Amino acid sequence: MTGDDRTALIRFTRGALTDDKTRARIDAAVPPGHGTVPGGLTTADRHLLTYRRLRHTGLAAPPAARLLDDPPALCRLLDRAAIADPALFHVMLLHYTLTLAPILRLGGPRAPRAARTALERFDTFGTLLMTELGRSNSHLSPRTLARHDPATGGFTLTTPDPGAAKFPTSTGHPALPKTAAVYATLVHGPDGHGGAEHGVFVFIVPLRDATGRPADGVRIVPAPETSGLRVDYAAVHLDGVRVPREAWLADGADLTPAGTFHDPAGSPAARLTRTMRTGPTVWRAIISMAAAITRASAGILTAHSTGRTTLGRLAPRRPLTDYRNQREAVLGALADAYALTAVAAHVQTPATPAPGTTPAPAQGDGTAAWAPWSAVDRDLTLLKAAATAQAQRTVTACRVHSGAPGFAADDRLNAYRGLAHAYQSAGGDNDLIAYDTARAMAALDRYTPPDPGPPPGRPPETILDTPAAWLYLARTAERRLRDRLAARISAARQAGADPFTAWNAHLPLAARAATAYADRAVLEIVAAALPAGEPAEGPLGGVLRLHAVNRLAHAAAVLLDEGIAEPGFLDAAAAARGRLCDALAPHTAALAAGLDLPPGIAAPAAALAP
């Protein structure tokens, strides 16, 4: 492979961010030292270090408002944080996309200027109070209330009982300033009690002052220490917390002095959709993070495997990557890394909705959707689910194929796995996204089943490493599963079943249908990313083809069950995988170099070498 080929791979990895000066500034804002943690720190000291690094990075990076208007730049910054330290990524995502972004997108002319300035200067750290402890899907109808006070024009926020406490939140450290974006149901009436509910709005609430002291009416209960994603988790109880009118991110809604309420959203359900319209910024960042930690994990596995010999009795002193299981694991991880990088670049391009935009919700007001995320942007949330699930599989495989060092010599792979696991629930639960997607598929709600076209060959698995075969198999599976799901739901409803009974009996089929939709979407992106003019055995085209083969093999049970693939499909996939891996093996080092990883990402045991 030539230097030009390596340059092309790095350019592909860097995706939509073409400004070299901005990229250099972002990379310098997350120095290599952010990826190491000194020994002997207490849990509180570890959290304090994370926030100190957040402040350092935020002040060194481009201004927050500029980043939020530039998805590739923001994703680059968050990617570097995720690779260095998943906890840093998490608190940075909360600060930029879930606290500052709502102020900028929803606040309007009355947005709280002091809070915005403090957040932009990192004099306080942003956090999110959305999910409540005692009920599932609590974001749909939070019991935390924001009562309007006609006398002052402000609001009083209350969690009425322990079950309404906000959890999880990153508010547990006792010595750090925190400012929260609180999701609460707005209530107003003539006397400030009882009254009418008007949907879910965001309120900006100072939780801890510069010394970490909780604000009046705020009670914070730290959670036990966890090793999954090391953040200062806590539950937050609000008891009559008073905030001024500008703390209300009204997004065009208004309360007149006479008590008249007006909301351009038109209904409480549509209000929730509008309130969550900053979600695309979050989902782009999560998809990009999933690609970033997959690249890092693939780099670690490659470094662990390259040049390593084995003492197995089958072939002593044989290079580890001569064994097909290890070669396919290394190249498969590289393939997943490049494929997810293509997905991340796709969602950051101008062709996708800009930050803060909202496509037309289901049936005009979002009431048909079961979860607010899908009402805002169904395809982006589905890609978020697909990306985090793939990252979880790949990171886990990299840890396993790195042997004992992958588990014990360094915590990086374990931390990446914890981050991927966390974000299968955070940012929208993957299962709920799948079910809501399946609902839309069955109802043909802003959804058109794909046309598979004619089969590319008989059987298509004989040419599995061609885009025509991928897309035929994926589109056919999606269409058949959608049709079968719609028929079953329709039959159940016609037989008198209520919606819950009709759907509850078919949730496994719904999940398969939505997964097929996600597979098709990813494979279309991967097919579009194939480099024009590169031979089929070329390095970039080869790894993208390898990902497609592996994704279809992962879906083999569905393809066989639906009669789309024939017996022998897994053998055909193995043969295609073998052909691709044999062609890619000489390019392994260059493909790893093309991941564009920051310095210091190496084999887990590297730090123990003399």
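Does Leu17 count as buried or exposed, and at what relative accessibility? In this predicted model, Leu17 has 6% relative accessibility, and because the cut-off for buried is under 20%, Leu17 counts as buried. Its place in the chain is the loop between helix H1 (3–14) and helix H2 (20–29). To see what surrounds Leu17, look at its contacts: leaving out residues up to four places away in sequence, Leu17 touches Thr22, Arg23, Ile26, Pro72, Ala73 and Arg76. Pro72 is worth a look on your screen: Leu17 and Pro72 are 55 residues apart in sequence, yet their C-alpha atoms are 5.2 Å apart in space.

Two packed helices are described by the angle between their axes and the distance between the axes. Take helix H9 (residues 279–305) and H10 to begin with: their axes are 8 Å apart and meet at an angle of about 155°. Angles over 145 degrees count as roughly antiparallel, so H9 and H10 are roughly antiparallel to each other. Their crossing is left-handed. Sorted by type, the residues of the contact of H9 with H10 comprise 14 nonpolar, eight polar and three charged.

H10 also packs against H18, at an angle of about 100° and with the axes 8 Å apart. Since 65 to 115 degrees counts as roughly perpendicular, H10 and H18 are roughly perpendicular to each other. On the H10 side, the contact is made by Leu331, Gly332, Ala335, Asp336, Tyr338 and Ala339, and on the H18 side by Leu540, Val543, Leu544, Leu546, His547 and Asn550. These residues divide into eight nonpolar, three polar and one charged.

H10 and H18 turn up again around helix H20 (residues 569–584). The buried residues of H20 pack against helix H10 (324–348), helix H15 (467–494), helix H18 (539–554), helix H19 (556–561) and helix H21 (588–593). Those buried residues are Phe569, Ala572, Ala573, Ala576, Arg577, Gly578, Leu580, Cys581 and Leu584.

At 1.5 Å a residue, the 16 residues of H20 should span 22 Å, and the end C-alpha atoms of H20 are 22 Å apart, which agrees. For H15, the 28 residues should span 40 Å at 1.5 Å a residue, and the end C-alpha atoms are 40 Å apart, again in agreement. H15 is followed by Gly496, whose phi is positive, near 100°.

Conventions. Residues are numbered from 1 along each chain as its sequence is written. This is a predicted model: local features need pLDDT of at least 70, side-chain atom pairs count only at pLDDT 80 or more; totals for chains, interfaces and linings use all residues. Side-chain values use heavy atoms; hydrogens and water are left out. Helices (H or I, at least four residues) and strands (E, at least two) are DSSP runs, numbered from the N terminus. The expected span of a helix is 1.5 Å times one less than its number of residues. Buried means under 20% relative accessible area, exposed over 50%, partly exposed in between (1.4 Å probe, protein chains only). Contact means heavy atoms within 4.5 Å. Axes are lines fitted to C-alpha atoms, for helices over the stretch in contact, and angles run from 0 to 180 degrees between N-to-C directions. Angles under 35 degrees count as roughly parallel, over 145 as roughly antiparallel, 65 to 115 as roughly perpendicular and the rest as oblique. A crossing is left-handed if the near helix is turned anticlockwise from the far one by less than a right angle, and right-handed if clockwise. Ala, Val, Leu, Ile, Met, Phe, Trp, Tyr, Cys and Pro count as nonpolar, Asp, Glu, Lys and Arg as charged, and the others, Gly among them, as polar.
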